[in-house]
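Thanks for coming, everyone. I'd like to walk you through one structure today, piece by piece, so please have it open on your screens.

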Amino acid sequence: MQHAQKVQNSNFVSAAALTLRYLLGGKTLPHFIPWAVQNLNIDASKQRKIPAVPSSYQESRLPHHVRQELEAIAPLSIEGMDRLIRAHGQTLSDMARLRTNTFPRIPDAVIWPDCHEHVVKIVDCATRHQFVIIPFGGGTSVSGSVTCPEREERPIVALDTSEMNSILWIDKEQLLARVQTGIVGQDLEREMRARGLTVGHEPDSYEFSTLGGWVATRASGMKKNTYGNIEDLVVQTKTVTPVGVLEKSCRVPRISCGPEWEHVIMGSEGCFGVVTEVTLKVRPLPPVTRYGSLVFPGWEAGVRFEREVAELRLQPASIRLMDNDQFRFGLALKTETTWGGVILDGLKHFYITRIKGFDPASLCVVTLLIEGHAEEVAERERRLNAIAAKYGGVPAGAANGERGYTFTFVIAYIRDLALDYDVVAESFETSVPWDRTLALCAGVKRRVRDECARRGVTHYHISCRLTQTYDAGCCIYFYFGFNTSAFKDPVTVYEEIEEAARDEIIDCGGSISHHHGVGKLRKKWYTDTVSEPGRRLLLAAKQTLDPDNIFALGNMAFNEGNQEETSIKILANPIRPVCCFCLKMINLFMPFRAFLKFDNVCTDNNVFQMHYKVTVFMLLVSALLVTSKQFFGEPIHCMTDSDKDKDIDAVNSYCWIYGIYTLKSQFVGKEGVHNAYLGVGPDSNKEDDKIKHTYYQWVCFVLLGQSVMFYTPRYLWKIWEGGRLKTLASDLTSPMVTKDWPEYRRGELVCYLTHSSMYSHNMYALRYAFCEILNLINVVGQIFLLDVFLDGAFRNYGAAVAAFTHTPRIPADMTDFVSVNPMDQFFPKLTKCFLRRYGPSGTIEVRDRLCVLPLNLVNEKIFVVLWFWLLMLTFVSALAVLFRVLVFSARPLRTVMIMGQVRNVKRSIVSSIVKRFGFGNWFILYLLGKNLNPRIYKELILELCKEMEHNNTFTV
Ligand SMILES: Cc1cc2nc3c(=O)[nH]c(=O)nc-3n(C[C@H](O)[C@H](O)[C@H](O)COP(=O)(O)OP(=O)(O)OC[C@H]3O[C@@H](n4cnc5c(N)ncnc54)[C@H](O)[C@@H]3O)c2cc1C
C-alpha cells in the first residue's frame, strides 16, 4: 500500500485531534489516498503546506479607559492570538483567511464573563461607550455569522461565553435543567449522562458548539427524531439586550400568548443580544443504543423508504441516507482489517452484489441509530427492515452503521487536512418538501457539474446525504470539493459554485438553510425567504431591542457597517421610495420566473416554448399589473364639483361597473380649447356619440383565462409525454464530457430505440404535432377573442398605434375621430360618468362626474404588446406546423436534421438509421440529440448503427 497514510502521522492539528477522538484514531486508511488520487487528483507525495503562526496582528482599537472599565467586570485580553481565534467560524473562506492571516478585521478585545450579571454590565458599558459586541460560543458557525463586519469603525469586543459553562440546577422530577449558555455540547451531555439523563441534542459539531450557539442559530441535532430540534428542547431563555433582559415570566410548557418572543431570539444569530441562561428539557438515558445499516439498490429507493418511515412516524433517533458517491467516500475511510474482517467484508460484498444483484455504482446506504428499551429497539428494527424490504433494501450490519456516524464527525477534519493538498471542500444543506427531494438532489448535482465544466474544474467530488426527516420533507446535505491546483483564487471559485448550487436549491423548492443559518453567506436569499414584511419585522425587532446597533454583526438582513442602514431609521431616505418601487416590481415578477426557466430535459422546441413560457409569463405579469393597486392606485377615481359627495366610494364603484364613457365628438379639436379633455366635454345626448368603456374590470380575468389557454397544449403534451425523455436522458445531459458513461445506460438506450417496432413511437410524435396545431389554433382564436372583448378595437389596434407613432398628428389635424391616437380612443385616461339620484322633492337629478382611469396607462401598452406578439406568434406557429408536416413526411429532411446534431459522422450512417426508423422513433432520437451531451449522442448514433448491422431482428 504505497499510498497508505497513517492519519496519526499527521502533524496537522485537526488530524491530531482526529486520531485521539475517533474510531479511526491511529489506524491506517489503506483506501483513502488512492480514492483521493483517483477522484481529486491529489499529489500525495507533495510537501504539505502547513501555515505559519502569524507574527503580527492588527492593532487593538479599544480605548484604554474602556478597557480598564471592562477589566473590572471580567477577564479581558487584547493578545493577537486570542483575538484571531475569535475572528472566525469554520467556513472555507474563514479557513483560507486563517491560514494566510488576512482577515480584514479581527476583534479588538476578547472578554470572558462567567455569569448573567457580568453580561448585563458589559452590554451596559458597550451602550455607554459605543463599542460593538460579538457573542462568541464554540466558533463552529458555518455561515460567517461570527466574522467581524469589515466596515465597522467602532471597536469590536468578542464576548466569549466559554466561562459561562455551569449547569445551574437539574430538576429530575420535572425533567428540566437550567444551564449557562457557554457550555459545550459534549460537556453538557457528559454531565447529564453522569446523572442518568440526556439532553439528546447532538449536532455533528457538538464537540465544540455551545448551547448559546445552538439557540442563536436554531440548531438541529442528529437525534432530533427522538429529542427534537433545539426549539423543541428549550423551555425558557434569558437574553441580555441593550434595552433590558428579555425573559418569559413563567416556566410553563406552553403559553397561548403570541407571538412567542423567544422565537425571535432563536435564530437571531447574535444580532439582538446575548443569551445567558436556558431552561432545557432533559430525558432519562435510554437503556439500549443500537446502530444499524441498510443497503438499497439506488438513491430513489432509499428516499422512498425514508419517506414511508417518516409518514408512519417510525423514525429512530437518527436515520440517514448516503448516496452512492458518499458511500464510496465512506468506504475509502475504512481502516486496515484483520484477515477475518477481510473475508467477512468479501462475503458481504458477494451477497450484496452477486446474490442481491445490486450495482456497486448505484447502491446507497441508510445508517440507523435506535434508542430505547430493548424490546422497543428490537421491534423498531424489525419494522424498519420490513419497510426496507419493500424497496429492495437489505440489512448491512451495525458496524457499517456506526462507521457511518463516525464518518460525519471526521469529515470536517478531512476538509482541513485537504487544504494542505490543494483541495478545497465544504458542505451545504437545505430542507425540502418530499415531492421535490429527488428533483432537487439531481438538479443541484447537475448544476455543480455544469458549473465545474464551465470553469474548467476537472477533478471534484459532489455527493449528498439525507440527514433529517419530517412529516412534510427532509434535510439534504451536499458535500462538494475539488482540486484547486489550476486556480489562483480557489475559495472564490468554490463560493461561486456554491452560490449557483444554492440558487438551484431555491429554484427547486428548497430552503435557504435547514440548520446552518443565514449569517453573512446566505443573506442574498433572506428577504425572498421571509418576504418583505418579514424583513421589516426583523428590522423592527432590531430597532426595539438594539437601537444603537451594539450587536452589529451584520448577519441576516442587517448591513455590515457603522450605520445600520437597513434599520427602520432609513425609511426617511428619499431614495428609498424609488428602491422600494423597483423591489416591489421585481418581487411582483418573482413568482413567475419559473416560467422562464429552461427545463433540464427539453421535450419541445422554441416555438412551443414561446406559447407556454413567454406568452403565459407575459399574460400573467400583465394580469398582475392591472390588479396591482400598489403601483397605480385605485383603478378608478371619480371627481365631483362639490364636497357633498360623501359616498364617493359608491360613486367610484358604480362608474367602474356600469359604465364610463367618452364622446366621439369631443375627440375633435384642441384639448383645453374645444373640449375639457380628449373625449370629455358637454353631452350631445346622441347615443351613437357615446363610446362606452365597460370592459376594464374584466381585463384581468381575460388575461388569466388566456394564460390558461396558452398553457393547455403544453399541459396535454406533458401528460402524453409522461416523462419518457427525462427517464431516457436525465443523467446524460451534462455538458461535461464523461468518460465513464455507464455501459448499461448505453445498452438501455440502444435497446429502447431498436428493439421496438418502427411504429411504436408514432403516436408519441403525432401527439406532439397535434399540440403544435393546437398552439396555432389557440393563438388565432385568442386574437378573435380579444377583438370581440374590445368591441372590435383589437384587430387593427397595434397597426394603428404604430402608424400614429410614426406620424403623430397635431391637434389641428384632429378633424375626425379616426385621426385621434388609438391609445386615447380605446383606453382614455379621463372619462365621463353620470348617475341619477332623487333630489329633496323627488325629482330625478343627473350628476355628472369626471373619472380618472390610471390603469389605462398600463392597459393601452399591454394590448399593443399583445397585438404584435400574437401576430408574430401566429406567423411562427404556422411555419412550425408546416415544418412539422414536412419533417414527418420527408425522410431526407429528417436525415439532415440529425446530421445537424452530430459532428463528424458519415451521412450514410445517419441515413441508414433514419431509413429504418419511422418518424416516431426518429422524433425520439432527435429529441435525445437536443438533450444529450454531444459526445454521448455521437456514441449513441454509432452504437445504433452497429446494433442495426448486427441485429437483423430490427427491420423495417
Ligand atoms: C463540522 C460541523 C458540523 C456541524 N453540524 C451541525 C449540525 O449537525 N447541526 C447544526 O445545527 N449545526 C451544525 N453546524 C453548525 C454550527 O455548529 C451551529 O450553527 C452551532 O449551533 C453554532 O454554535 P457555536 O457555539 O459554535 O456558535 P458560534 O459559531 O460561536 O456562533 C454562531 C452564532 O451564534 C451567536 N451566538 C453564540 N453564542 C451566543 C449567545 N450565547 N447568545 C447570543 N448569540 C450567540 C454568534 O454571535 C453567532 O452569530 C456544524 C458546524 C461544523 C463546523
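Predicted model: local features only at pLDDT ≥ 70, side-chain atom pairs only at ≥ 80, totals over all residues.

Let's start at K686, which sits in the loop between strand 22 (660–663) and strand 23 (690–693). Residues are numbered from 1 along each chain as its sequence is written, and side-chain values use heavy atoms, with hydrogens and water left out.

Is K686 buried or exposed? K686 counts as exposed, because its relative accessibility is 54%. The cut-offs are under 20% relative accessible area for buried, over 50% for exposed, and partly exposed in between, using a 1.4 Å probe and protein chains only. K686 and L663 are 23 residues apart along the chain, and their C-alpha atoms are separated by 9.4 Å.

L663 brings us to strand 22. There, I660 and T662 point one way, Y661 and L663 point the other way, and all are buried. As a reminder, side chains in a regular strand alternate between the two faces of the sheet. Strand 22 pairs with strand 23 in the antiparallel sense over four bridges; two strands count as paired if DSSP finds at least two bridges between them. T662, for instance, has I691 in strand 23 as its bridge partner.

Now zoom out for a moment. The chain has 36 helices and 25 strands, and of its 956 residues, 53% count as buried. Contact means heavy atoms within 4.5 Å. Among contacts between residues at least 6 apart in sequence, 76% join residues at least 24 apart.

Five strands form an open sheet in the order 7-8-12-10-11, with antiparallel pairing. Strand 7 (167–171) and strand 11 (244–246) are at the edges; each has a single partner strand, so one side of each is left without a neighbour in the sheet. On average, neighbouring strands of this sheet are turned by 10° against each other, direction ignored. Helix 7 (residues 185–194) packs on this sheet, touching strand 7, strand 8 (176–180) and strand 12 (274–281), and its direction makes about 40° with that of strand 7. For such angles, axes are lines fitted to C-alpha atoms, for helices over the stretch in contact, and the angles run from 0 to 180 degrees between N-to-C directions.

How many of the eight residues of strand 12 are buried? Seven are, so to speak a mostly covered strand. Strand 12 pairs antiparallel with strand 8 over five bridges, where L176 has K281 as its partner. Six bridges join strand 12 to strand 10, again antiparallel. V240 has V274 in strand 12 as a bridge partner, and V240 also stands opposite V245 in strand 11.

There is another open sheet, this one of seven strands in the order 17-14-16-15-19-20-18, with antiparallel pairing. Its edge strands are strand 17 (394–395) and strand 18 (423–433), each pairing on one side only. Strand 14 (residues 288–296) and strand 17 run antiparallel and are joined by two bridges, with V295 opposite V394. Helix 2 (residues 32–40) lies across strand 18, strand 19 (460–469) and strand 20 (473–483), at about 110° to strand 19.

Last stop, the helices. In helix 34 (residues 907–916), I909, V910, I913 and V914 are buried. They cover an arc of only 130° around the axis, which puts them on the same side of helix 34; the arc is that of the directions from the helix axis to the C-beta atoms. Their cover includes helix 33 (891–899), helix 35 (919–931) and helix 36 (934–950).

Helix 36 also meets helix 28 (residues 743–754): their axes come within 10 Å and cross at roughly 55°. That makes helix 28 oblique to helix 36, given that angles under 35 degrees count as roughly parallel, over 145 as roughly antiparallel, 65 to 115 as roughly perpendicular and the rest as oblique. Residues meeting there include L749 and L753 from helix 28, and L940 and L944 from helix 36.

Thanks, and I'm happy to take questions.
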